[in-house]
Amino acid sequence: MSSLLQHVWILPALMGLSFLTILFFGKKLPYKGAEIGIFSVGVCLLLALGSGVAWIDRSNNPPEEHGATATAEHAGEEGAAEEEHAEEEGAATDEEGAAGEEGEHAAEEGGEEEHAVPPVLTEKTWFSSGGVDFTVGTFVDGLSVMMLIVVSIISLLVHIYSTDYVGGDRRYTHYFAFLSLFTASMLMLVMSRSTVQFITAWELVGLCSFALIGHWWEEKPNSDAALKAFLTNRVGDVGLLVGMIILFFAAGSFDIPAINEAAATGEIRHFLLLVASCCLLAAVMSKSGQFVLHTWLPDAMAGPTPVSALIHAATMVVAGIFMVARFYGVFWEGFSIGTAHVNPLAVVGAVTLLFGGLLAFVQSDIKKVLAYSTVSQLGYMAMALGVGAWTAAVFHLFTHAFFKAGLFLGSGSVAHSVHSFDMKQDMGGMKRFMPKTFATFVVCSVALAGVPPLAGFWSKDEILAGASGSGGLSGYPVMLWMGIVGGGLTAAYMTRCIYLTFFGEPRGKAADPHHAPHESGPRIVVPLYILAGLAIVAGFANFPFGPESIKLRFEHYVEPVAGYFPEISHPTFTLWIAVASTGLALVPIGLAYLYYWQGRFHGLTERVGLARAGHTLLVNKYYLDHLYTGVIANGTKGPVARATYWFNQNVLDGIVNGTATVAVAVANWTYRYIDQGVVDGTINGSGAASNGIGQALRQFQTGRVQQYGALLFGGAVVLAGIFVFAI
Amino acid sequence: MEAFIDDWGLTAALFLPLVGAVIMMFVRKEDEAAHKQIALLTSVAVLAALVAVAAVFNYNDAGRLQSVIDKEWIPVIDSRYHIGVDGISLPLLLLTGLIVPLVIIYSWNHFPEPRNPKAFLILILILQTGMVGTFVAQDLILFFVFFEVVLLPMYFMIGVWGGENRMYAAIKFFLFTAFGSAFMLVAFLALYFLSSDPVTGAHTFQIPDLPDAATGLASGTAWLIFGGMFLGFGIKVPMFPFHTWLPDAHTQAPTQGSVILAAVMLKLGTYGFMRIPIPILPDAARDWAPIIAVLAVIGIIYGALGCLAQTDMKRLIAFSSVAHMGYTMLGISTLTSFGFNAALMGMVAHGLITGMLFFVAGSIKERFHTLEIKRLGGLLLQAPRLGWILAFCSMASLGLPGLAGFWGEFPAILAAYQPAEGLPVELFRVCMVVAAIGTVFAAGYLLWLLQRTAFGTPKEEWEGHHFHDVETPEWLAWTPLIIGIVALGIYPNFVFDITDGGVQSVLTAFSGG
Amino acid sequence: MLLNQFLLLAAVLFSIGVYGVLARRNGVLVLMSIELILNAVNINLVAFGAYHGTVSGQVFALFVIAVAAAEVGVGLAIVLLLYRNRQSIAVDEVSSMKG
């Protein structure tokens, strides 16, 4: 079993093989290559679960010190045999994983926390140049294993879903090929050992994102969106390159655990770490859609919906968050997270969280609501990392992947039926037509809103507890309040989204009598059920109460306890925060309910009248309605959100577009005047000068011998004169 | 057998093309098939000879010159027929050996107007002698001769088979390069006369002996000599601000000419830097390195801006060469073995990728009779395979990890963080950041090109036209390049393994290496 | 030794020759004028040789005579061809080398 942890490279290798197979032979296969992809991802999922079990086993019985750095290098030939072997094992461990969870952990109690659990490392020299070895390898610890499982699950569900959703597309095979490539790159990213490998995988997921956003490249908006995504990410990549280079020279190695260890032990100067962290933060901002570099993410919704679910909600966009989590030693020291009360990462996260949430209110495209919601949730994660709540951030990443993928796939299911993404124009009343989709969508939304006991509540609550400074963390009070407000926003806009989509009367295409909407087929609905189920239960992975065998299992297994990881504190469950965040999830839902449902039926004045009559104490409609519709909702929906959106579309996007325009203008100017004028002019000028001189001298060339002779003698006379008289 | 290859392999590779060219002179002009066969056979034989040399090459001792031939040539001026190969020249030799047959295969039914395969192929073969000769010469005069031999066939290729403005481009190319060569020759001669062997006191043209012989040079003189060579090689690279011949030459040259120009000829300049001035005049190199670095970085940004402004696809690719060679020169200017390796990788990668891009551009031109970006669009619909190849090459060119281009760019940027001792670190770090920003521009212009040519739907003017997709000769010529791009991207050690030793020995003078 | 008289004679002959070369249109006359110039040089050579009491002046003069004969041979051939092609031996009409 533990050998599986040393051979996790099989997962990306398998997906890479799948990519090549689909690319070259996909079109000749009966299901156009989809079967290869699904099969490979399925195997990957089994292997990932198997490695999960292996990791749990390892953290329960950590190896002794001398065996700690088991960097056994296994030759490549073993791969094939190992793969089959691992497959069977993976299948077997499926039940074992579930059953073993309680049994094994009950056995070991207490004192286990202090035990270092060394990661499983393997390493090979990829190439060497100038005395520097570029290595590749796998770096498997709780975080990687968790990511492997998340990526495989979501990828498998998206594969299945896609067979229906993009069925009949003219580039069906290409689509699956790129899904495979993406999965391979993402799996490689999360298990990267060296920074070079990390950058490679990072860029490859970017490429797949580009290719899949631009999947329908015939329309210009799609290719524009793809370009924007790639270029914005490239801007961040500058930070990534520079940051990684600084870290390489500072730590003298490409090895991620070594870099973290060097940073954590104070071997690297703080200033270098700060610069490196700031550079890497730029990469995080672009990849994970943080404020100022987030504009590509909503545009990326131009891609097929399953792609949005996989890449732009659950996996690729969290790569930035993953990077911070992975290089936490660097960020911890660089931004002094443990001691400061404010730092760039937390600020960026918090601002993104509010900003994204506000923007979600004014969208009429269902996917854009979800996209801004993703931006906002990524802000949560960044903020959590910024305030030192590592486990909370990673846990939120974990739960968010499930319910947000579920929401995206659900929106795709609706759109598949009505052939539009516009909630205001073409939806409404879908509850009647698509009860299954509706049910899963609501479950995922509630999970996202953070209503206990669904997944989002537990992870969000932990983040807020972290920001409050409980459990020995340094407090970040501003972040705490921003987080709480952001949670409220989430609940409200998701309610609005559900109302517009599923309630009310059908509008537009949804009301088309010839094409009445219908529930989607099983290949779409089953993944939705699975994701909704995970959205319900995933939160219990880190349940803060109960006996040792249930309590904080996620933290126990995922959080590294090793030299490369800083010693962080853990937020404790704080009742008032839990109540506040629950309240701020439920109250906006209630408010939104009142606004949309009631307001829809009675109109504003009637509602005011009802309020005057005084209904219930809790629902003091007049006051709350006024407060909500007049001040909060209209305020946020109207001026604030519109202003932010305006700011987003005009200022930020303007800067993005303006930069391109200016660059082109500068380029044109430089080319026309400097290059063609000055630089080339000098060259052509020298040519022209020699030509002119030649033309002048040509006058002497009459071709008449006697004139030549005369010149000759004349010259001789002049020279003779000079010789005689001058010298 | 090994001894035979060791003795004769390089010489065979060097003169076989000339033999082929002479044979072709005696074949009637109308007999095109015979010409093609002879040319192809010759170039494949050259490739075989080079592969044989590579096979007997001792990779554990790549820093030493191998397969050396050192015979008397022109005793009056102390010039010798001294050739050899080490880790620096071997990858470039193999690149040359690979590109030429591919160009000939591509030519099979793509001869540019006014056809005349006989003359065209003879010129390509002569060109090959010049290129191979430059990479193997270990004598300054021999080097100079081959360096100049390259000029003339290319001049005729552009001038006879080029586009509308071919005479202008050809003359500009020729004069510009000859101008630089003049300074270079003066520098060579100055080096010869001013240096002397510390033991015997004799003057020498032998490149391996010169580092010792030149130690006694006054620093001002050395600086000037380096300057002369800088002009000669810098123009060939081309470095900003000596690059203006390049876009014209590339745009006007026939596809085959552009490919050879981009894939091999530009490398003569960068190779020259690594082979001659830097190891021979290390102190002057330290003085010049910051200048080179700054010019290289300007070239990166400037070339990228130039690309953004272009409306012609071929011209855009040509400008991208300026940017890419900027990375190469940045790597060289760090004077570290890491940077040199990066530069060599960049040279090989650029040769494969940009060569490929020019091939694609040529094929587009042949089908659409225009390279005006505005008129193109929807290539992926009109000729899907061609479009995918274009997309692939663009991705490789913008430096996607996993493809060859990245391993030229990233290590060069990395090397700039810590240049050799004695160089201004702050300046190089600024250059590093600027070069990193250059990657954004690279993505910008290439993706924009891709969007405007390959994506979208075809323009109305092409309605009803049918375009044939990639044909057999094109596949034959392109597949090795594509495989090379992927192979080097996945396993860059194919290059680094060879170059590392050679680079170390060239840089012994710099302790920081 | 009356060196001056010889030099004077040579100068006169040279001047006549130069005039002839530059001013006459007839190709044959131009050739004859060139002969005059060469002979002026010969006189100088012989005179200075005698003045210094060496034979090298006369040796040079002999060389000049031999070269002059060759030159006249080539020159006449050119004039003959010129006449054959143009039915004229006027040198100022021959300006096809004009740049």
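**Chains, domains and core**

Modeller: Let me start with one contact, in what is a predicted model: chain B gives 40 residues to it and chain A gives 39 residues.

Biologist: Which elements give two or more residues to the side of chain B that touches chain A?

Modeller: On that side of chain B, the elements giving two or more residues are α13 (282-309), α15 (337-368), α18 (404-417), α19 (425-453) and α21 (493-506) of chain B. The largest share comes from α19(B), with nine residues.

Biologist: And by class, what does the side of chain B that touches chain A have?

Modeller: That side of chain B has 26 nonpolar and 13 polar residues, together with one charged residue.

Biologist: Which chains share the most contacts?

Modeller: Two pairs of chains are in contact, and of these it is chains A and B that share the most contacts. Chain C touches chain A through a contact that takes ten residues from chain C and ten residues from chain A. By class, the side of chain C that touches chain A has five nonpolar, three polar and two charged residues.

Biologist: How many Å apart are the closest C-alpha atoms of chain B and chain C?

Modeller: Those atoms lie 22 Å apart, and no contact joins chain B and chain C.

Biologist: Changing topic, what domains does the assignment give for chain A?

Modeller: The domain assignment of chain A gives domain 1 as 1-105 + 113-122 + 154-188, domain 2 as 194-334 and domain 3 as 346-610. Where domain 1 of chain A meets domain 3 of chain A, the contact takes 17 residues from domain 1 and 16 residues from domain 3. On the domain 1 side of that contact, the elements giving two or more residues are α3 (34-60), α4 (78-107) and α5 (142-165) of chain A, and α5(A) provides the largest share, seven residues. By class, this side of domain 1 has eleven nonpolar, four polar and two charged residues.

Biologist: How many residues has the largest nonpolar core, and which of them have the most contacts inside it?

Modeller: The largest nonpolar core has 451 residues, and those with the most contacts inside it are A:I321, A:A393, A:A535 and B:A435. The largest share of this core, 19 residues, comes from α15(B).

Biologist: Take A:I321, then; what does it touch, leaving out residues up to four places away in sequence?

Modeller: Leaving those out, A:I321 touches A:S288, A:L378, A:M381, A:A382, A:L385, A:A393 and A:L397. One of these, A:A393, is also among the residues with the most contacts inside the largest nonpolar core.

Methods. Residues are numbered from 1 along each chain as its sequence is written. Chains are lettered from A and ligands numbered from 1 in the order in which they are written. This is a predicted model: local features need pLDDT of at least 70, side-chain atom pairs count only at pLDDT 80 or more; totals for chains, interfaces and linings use all residues. Domain bounds come from an automatic or database domain assignment. Two residues are in contact if their C-beta atoms, placed from the backbone, lie within 7 Å. Helices (H or I, at least four residues) and strands (E, at least two) are DSSP runs, numbered from the N terminus. Ala, Val, Leu, Ile, Met, Phe, Trp, Tyr, Cys and Pro count as nonpolar, Asp, Glu, Lys and Arg as charged, and the others, Gly among them, as polar. A nonpolar core is a set of buried Ala, Val, Leu, Ile, Met, Phe, Trp, Tyr and Cys residues joined through C-beta atoms within 7 Å. A residue is buried if 20 or more other C-beta atoms lie within 10 Å of its own, exposed if 12 or fewer, and partly exposed in between; C-beta atoms are placed from the backbone.
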